[in-house]
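Here's a quick briefing to read alongside the model. Take a look at the fold first, then go through the notes by topic.

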Amino acid sequence: MSAVIEIDTLRLEGMTEDEGRRTANAFEATLADLLTRDGLPPGKTREDVEDIDLGHLQVVSQTPEGIGRDLARALFAELWQ
């Protein structure tokens with residue numbers, strides 16, 4: 001299976017451009033890994049992924065990479081609910 005992920009908006013307040021890029025890279029890599037490993041839940045389509053709005057999330061991690069991984073896991077968890 002192959003997937004192309006396009007993020008419309010990922011607002012990362014309080015980060016430098018470099019930190020934002022690192023966060024986005026970690027987000028994309030983690031989400032790709034999760035989708036490769038587990039795929040989409042039965043009955044979910046690409047269109048379902050397009051409509052997910054996570055709103056404001058509480059950030060626990062302290063590094064840009066950790067924040068990116070946390071955001072990807074939150075998005076993936078939302079798919080499985």
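The notes below go from the overall fold to the core and then to a few residues.

This is a predicted model, where local features need pLDDT of at least 70, side-chain atom pairs count only at pLDDT 80 or more, and totals for chains, interfaces and linings use all residues. Residues are numbered from 1 along each chain as its sequence is written, and side-chain values use heavy atoms, with hydrogens and water left out.

**Overall fold**
- The protein has three helices and zero strands, with helices (H or I, at least four residues) and strands (E, at least two) taken as DSSP runs numbered from the N terminus.
- Reading from the N terminus, the elements go α-α-α.
- Of the 81 residues, 23% count as buried; here buried means under 20% relative accessible area, exposed over 50%, and partly exposed in between (1.4 Å probe, protein chains only).
- Take the contacts (heavy atoms within 4.5 Å) between residues at least 6 apart in sequence: 74% of them join residues at least 24 apart.

**Helix 3**
- Helix 3 covers residues 64-79, so 16 residues, and its first and last C-alpha atoms are 23 Å apart, close to the 22 Å expected at 1.5 Å a residue (1.5 Å times one less than the number of residues).
- Its buried residues are P64, G66, I67, G68, L71, A72, L75, F76 and L79.
- Helix 1 (17-38) and helix 2 (46-50) are among what covers them.

**Nonpolar core**
- The largest nonpolar core is made of ten residues: F27, L31, L34, L35, I67, L71, A72, L75, F76 and L79.
- Helix 1 and helix 3 each put in at least two residues of this core, and helix 3 gives the largest share, with six.
- For the record, such a core is a set of buried Ala, Val, Leu, Ile, Met, Phe, Trp, Tyr and Cys residues joined through side-chain atoms within 4.5 Å.

**Residues to click on**
- T30 sits in helix 1 and is buried, at 12% relative accessible area.
- Leaving aside residues up to four places away in sequence, T30 touches R69, A72 and R73.
- There's one aromatic pair in the structure: the rings of F76 and W80 have centres 6.1 Å apart and planes at 50 degrees, so the pair is tilted.
- Rings of Phe, Tyr and Trp (its six-membered ring) pair if their centres lie within 6.5 Å, and planes under 30 degrees apart count as stacked, over 60 as edge-to-face and the rest as tilted.
- F76 is buried at 7% relative accessibility, while W80 is partly exposed at 42%.
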